Amino acid sequence: MAIVEINKETCTKCNACAIICGANLIIPRENDYPRFFPNGDEFCMRCGHCVGICPTGSLTHKEFPLENCPPIDKTLEPSFKQVAQLIKSRRSIREYQDKPVPREEIEKIIDVARYAPTGHNMQEVQWLVIDDKEKLKEMTAIGVDWFRSMAEGDAPWAVEMKGVVKMHELGINIFLRNAPVVVCTIAEMNSPIAAIDGVIAASYFDLAAKAAGLGCCWNGFFQMAAQSFPAMVKAVALPKGMRIYGAMMVGYPVFKYQRIPPRKEARITYYS
Ligand SMILES: Cc1cc2nc3c(=O)[nH]c(=O)nc-3n(C[C@H](O)[C@H](O)[C@H](O)COP(=O)(O)O)c2cc1C
């Protein structure tokens, strides 16, 4: 069996599958059935567009049968206004309720975020979820040591770091903000595409988490420390060759935002 097969009894010869194939492995033919490259196995991105676009369910991909491709429920399509509201009202949440987030809740959100686009549909992004109180405490202590090491250096942010250390000494957790969970996207260190994929997936998680009633805040501090501060590198213990591309604190927000603060006007360039 070729990687893709069509049911000639139901195919309408619209050739949409061929026209949208991102890898150009299906050749459109006027008033005829589309033709498939015989060695499609090798080059197919497994994106499933061909199955997803077929209006009559006539196309089968060897690796994901139709029953694995649920129909899109059109009644659930959000309006532009709803999407705009979700995106514009998402805020970085830094105050969390002292309440654990069930793993099923995190997994529910990851299950959505894993649909984020990935270069060449490689889907190489993996997820690291840290929800163990003791581990988070240990990481916070290491984070403060990292802040201290930064405060001692002559980097431009040393002064800010001194202030951050002081706040920790006063019992204010700037590093992990007492979040009950930290979620990271991780991917291959040497792949520039995986790096972008990791950031996009984390962004999808951020938005989906808001829709699920949770709040996130990206944590660049954590990400930097996990990359370069030996004690944190050891504590995070990433699989060999992997890097964190998005790190976010996650939890149930204490406060609810009432207004959307302004952002810079979009700077758009057109070539005319
Ligand atoms: C890559 C990245 C790293 C960030 N790192 C931190 C961080 O370490 N700590 C923190 O409190 N906020 C962090 N933030 C949150 C930003 O400060 C926040 O996105 C920005 O102030 C705008 O606020 P908003 O997200 O509510 O729109 C980070 C955001 C991004 C995108």
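A polar contact is a pair of N or O atoms within 3.5 Å; within protein, one must be able to donate a hydrogen and the other to accept it, and residues adjacent in sequence count only if both atoms are side-chain atoms. The model is predicted: local features need pLDDT of at least 70, side-chain atom pairs count only at pLDDT 80 or more, and totals for chains, interfaces and linings use all residues. Residues are numbered from 1 along each chain as its sequence is written, and side-chain values use heavy atoms, with hydrogens and water left out.

**Ligand contacts**
- A polar side-chain atom of Ser92 is 2.6 Å from a ligand oxygen.
- The side chain of Arg90 places an N or O atom 3.0 Å from an oxygen atom of the ligand.
- A polar backbone atom of Gly220 lies 2.8 Å from a ligand nitrogen.

**Ligand shell**
- Residues around the ligand (a heavy atom within 4 Å) include Arg177, Trp218, Phe221 and Arg263.
- β7 (215–218) and α9 (220–228) each give at least two residues to this shell; helices (H or I, at least four residues) and strands (E, at least two) are DSSP runs, numbered from the N terminus.

**Helix packing**
- The axes of α6 (residues 133–152) and α7 (residues 158–169) come within 8 Å and cross at roughly 145 degrees; axes are lines fitted to C-alpha atoms, for helices over the stretch in contact, and angles run from 0 to 180 degrees between N-to-C directions.
- Contact (heavy atoms within 4.5 Å) involves residues including Phe147 of α6 and Met161 of α7.
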